[in-house]
Amino acid sequence: MAGRINDDDVKAVRDAVPIDAVVSEYLQLRNAGGGNLKGLCPFHDEKSPSFHVSPAKGLYHCFGCQEGGDTVDFIMKLDHLSFAETIERLASQAGITLRYEEGGYTPGRQQGERTRLVEAHKAAAQFYVEQLDGPEAEIARKFLAERGFDQAAAQHFGVGYSPAGWDHLTRFLRGRGFSDQELVLSGLSQEGRRGPIDRFRGRLMWPIRDIAGEVVGFGARKLRDDDNGPKYLNTPETPLYRKSQVLYGIDLAKKEIAKTNRAVVVEGYTDVMACHLAGVTTAIATCGTSFGEGHIKILRRLLMDNAGSEVVFTFDGDAAGQKAALRAFEDDQKFAAETSIAITPGGMDPCDLRLAKGDAAVADLVEARTPLFEFALRHVVSRHNLDTTVGRAAALDEAAPIVANIKNSSIQHESAVQLAGMLGILDTQFVVRRVSQLARWARERGRDGGPDQGRQQHRGRPPAAEQARPAPGPRGPALNLRSPAHRVERELLKLALQRPDLVSPAFDAYGADEFTAPPYTVVRQCIEDAGGTAAGAHDSAYVPRVREAAPDDTVRAMVTELAVEPLHTRRDPDEAYAGVQLVAVRLAAVNHRVTEIRGTLQRLGPRADPEHLAAVQNELWVLQQYGQSLRERGYAAL
């Protein structure tokens with residue numbers, strides 16, 4: 001049984017790895033105000049950012065799907081790791097050596113499965129790199145040189161070589177403490193007649209890394225004529241590697257993609273290398289599969305669905321390239337980004353283009369891109385006989401919806417005029433009106449499908465992302481957030497969690513009866529159990545303590561949500577703003593009690609016990625005076 005990680009080490013790991021640094025490995029974050037950041041949620045598909053990160057609190061929360069937690073929760077949920085595996089990964093990144101209780105620590109026995117497979121791939125990648133310098137790898141070095149890649153380029157991309165023997169890597173990894181079962185499970189080895197043998201033999205090796213930079217698989221290129229295998233051989237599907245969810249080069253390109261709001265999709269490993277070396281450092285490629293839904297999700301999180309972002313596909317100009325481009329256009333509606341196509345001249349891929357014409361030609365190729373809808377438009381029109389009235393009408397029927405789907409209205413109008421010219425229809429306004437009508441119908445259908453449909457309203461069909469969206473998690477008891485009392489209670493609790501220094505010590509004197517929403521009453525009790533705002537004013541562990549005090553996951557999620565949700569003020573909150581919230585909650589509680597007492601007096605009637613009646617009337621008078629004082633003097637009356 002695995003040893004338990006020392007509690008002090010767990011705390012050290014949590015403190016050492018900022019949550020914004022971890023989340024930024026997976027998606028682009030931008031300023032959300034109040035010291036918070038926001039981005040597109042990685043746990044569900046959405047059109048506008050509702051995923052908030054609070055670096056100061058070390059927490060995240062999505063206001064769309066209600067996922068939330070701290071750094072450890074984020075990694076556990078997104079990468080499907082156990083708690084121990086997550087702590088081990090973060091500790092490795094932070095350079096922290098973990099201590100294990102209950103009998104010490106044996107790495108080969110006690111690390112989680114995924115962590116072990118990642119370590120095996122890391123060791124394999126280094127092994128392949130070292131083999132590239134050996135005599136046997138001369139053929140691999142020659143292959144690289146012929147394509148314009150020197151030793152520095154190979155090192156930058158981690159390119160290596162797998163020896164031609166049966167079990168060189170298998171024996172090496174066994175020596176590092178990995179079991180045969182782990183090697184087969186990882187896809188690095190496969191079962192032979194006498195035990196595991198190397199999966200990749202005598203090939204040029206590219207490490208495939210996930211967006212966090214961990215090696216999860218390999219792409220292997222055949223080098224010898226006597227190799228009967230396919231030209232390219234990839235790692236099979238494993239617990240680490242899903243080809244539909246990885247993009248080669250994403251670890252190198254992600255920062256530039258987020259910075260420039262552009263991604264360039266190429267077709268192979270050498271094309272990615274050529275583009276990066278030519279200065280197109282946003283290039284990425286799929287790994288042995290067509291560009292699809294999983295790849296789109298990765299790019300959308302980096303591009304933030306910014307209206308000015310762009311995805312550029314590069315394809316050969318042959319029939320296969322045109323088919324691939326049209327397949328990409330089918331997925332165009334899943335992007336908020338504009339999509340473009342760059343057709344390589346003479347059937348050359350970016351690698352060949354760089355060899356033949358240099359780095360500048362590769363950069364020029366991307367800059368000379370054409371909108372993907374325009375490419376698709378020309379392809380559709382070319383299938384019809386435009387010399388006949390019937391042919392022109394059929395072409396218009398098929399092409400007009402493509403133009404109607406263009407979200408930019410000015411480009412849409414120009415494209416409608418251009419379509420009329422392509423079809424040879426002299427009545428340009430007829431085509432413009434036809435396109436406008438289709439666009440209007442699509443928008444109306446989008447509105448019928450619900451609010452905030454984003455770009456897909458323009459396409460006139462329900463967004464696939466919305467159809468696939470999972471049901472939100474538990475939200476706790478229903479709250480009437482339109483209630484003024486509930487709104488101000490929520491704002492005060494947010495201040496108590498985010499800026500305890502502004503509401504302390506007054507908040508700690510508030511009773512449970514001053515919060516009318518049951519969930520808020522429980523959160524207020526959690527704050528008290530964690531030492532109150534007075535203890536949290538200068539304590540970085542304050543919010544984690546409040547979360548630990550929560551009686552269940554529902555309340556814990558609400559604490560996270562309140563700790564991350566932006567405050568309803570356009571400027572930095574100060575004591576005056578906090579005072580307004582404190583007074584509003586107290587005044588609401590006083591008014592509520594006044595209403596209760598008036599009801600009591602009405603029930604007592606004229607025959608009530610005089611002493612009891614006087615006591616109730618006195619309480620009413622005191623509360624009315626206090627309420628008046630709160631309204632006139634504000635915070636000073638608390």
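Predicted model: local features only at pLDDT ≥ 70, side-chain atom pairs only at ≥ 80, totals over all residues.
User: Why is C41 called buried?
Analyst: Buried means under 20% relative accessible area, exposed means over 50%, and partly exposed lies in between, with a 1.4 Å probe and protein chains only. C41 has 4% relative accessibility and therefore counts as buried; C526, at 2%, counts as buried too.

User: How do you know whether C41 is in a disulfide or in none?
Analyst: A disulfide is taken here as a pair of cysteine sulfur atoms within 2.5 Å. By this rule the count comes to zero disulfides. For C41, the nearest cysteine sulfur is that of C62, 3.6 Å away, and C41 is in no disulfide.

User: What makes strand 14 count as mostly covered?
Analyst: Strands are DSSP runs of E with at least two residues, helices are runs of H or I with at least four, and both are numbered from the N terminus. Strand 14 covers residues 262-266, and five of its five residues are buried. R262, V264 and V266 point one way and A263 and V265 the other way, and all are buried.

User: How do you know which strands pair with strand 14?
Analyst: Two strands pair if DSSP finds at least two bridges between them. Strand 14 is joined by four bridges to strand 16 (residues 310-316), running parallel, and by three bridges to strand 15 (residues 283-285), also in the parallel sense. A263 stands opposite V311 in strand 16, whereas V265 stands opposite I284 in strand 15.

User: What makes a space a pocket, and what lines the largest pocket?
Analyst: On a 1 Å grid over the protein atoms alone, a pocket is an open set of points with protein on both sides within 12 Å along at least five of seven lines, and lining residues have an atom within 4 Å of a point. The largest pocket holds about 1000 Å³ of space, where a volume is the space filled by probe spheres set on the points, joined across faces, edges and corners. Its lining has 35 residues, and L78, D79, H80, Q245 and R301 are the closest to its centre. Helix 13 gives the largest share of that lining, five residues.

Conventions. Residues numbered from 1 in each chain as written. Heavy atoms only, no water. 1 Å grid on protein atoms, 1.4 Å probe; cavity = no way out; pocket = protein on both sides within 12 Å on 5 of 7 lines; lining within 4 Å.
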